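Colleague: Please take a close look at one part of this model, the nonpolar core and the aromatic rings around it.

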Amino acid sequence: MEKKAETYDISFKKKAVDLYHQRKNYSAVSRELNIHRKNIQRWVNSLMKMELLVLERNAEEKVGLVKSLHLLVKILKRK
């Protein structure tokens, strides 16, 4: 008989990640929630990657805005 993979909703994953951030211990959270610690590690790592992408995107947007403002100032000074 084939074992069906367990699926977890986003609120459960968030709870697991929050517990990990409180305790800094994958095994303790794993025992408390009765799930494999690899799941928690994967969710924490995924969240960190998403946060880094958001930070990078925000930084790129800020650089773009600053460049646009400098260009606008140069144009306005010509007039």
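**Core and ring cluster**

Modeller: Val 17 touches Trp 43, Val 44 and Leu 47, leaving aside residues up to four places away in sequence; contact means heavy atoms within 4.5 Å. The model is predicted, so local features need pLDDT of at least 70 and side-chain atom pairs count only at pLDDT 80 or more, while totals for chains, interfaces and linings use all residues. Residues are numbered from 1 along each chain as its sequence is written, and side-chain values use heavy atoms, with hydrogens and water left out.

Val 17, Trp 43 and Val 44 are among the 11 residues of the largest nonpolar core, which also includes Ala 16, Leu 19 and Tyr 20. Such a core is a set of buried Ala, Val, Leu, Ile, Met, Phe, Trp, Tyr and Cys residues joined through side-chain atoms within 4.5 Å. Buried means under 20% relative accessible area, exposed over 50%, and partly exposed in between (1.4 Å probe, protein chains only). At least two core residues come from each of α1 (10-23), α2 (26-33) and α3 (37-78); helices are DSSP runs of H or I with at least four residues, numbered from the N terminus. The most, 4 residues, come from α1.

Trp 43 counts as buried because its relative accessibility is 11%. Its ring and that of Phe 12 form an edge-to-face pair, 6.3 Å centre to centre with 85° between the planes. Rings of Phe, Tyr and Trp (its six-membered ring) pair if their centres lie within 6.5 Å, and planes over 60 degrees apart count as edge-to-face. This pair links helix α1 to helix α3 across 31 residues. Phe 12, at 21%, counts as partly exposed. Ring pairs link Tyr 8, Phe 12 and Trp 43 into a cluster.

Notes:
Phe/Tyr/Trp six-rings, centres within 6.5 Å; stacked < 30°, edge-to-face > 60°.
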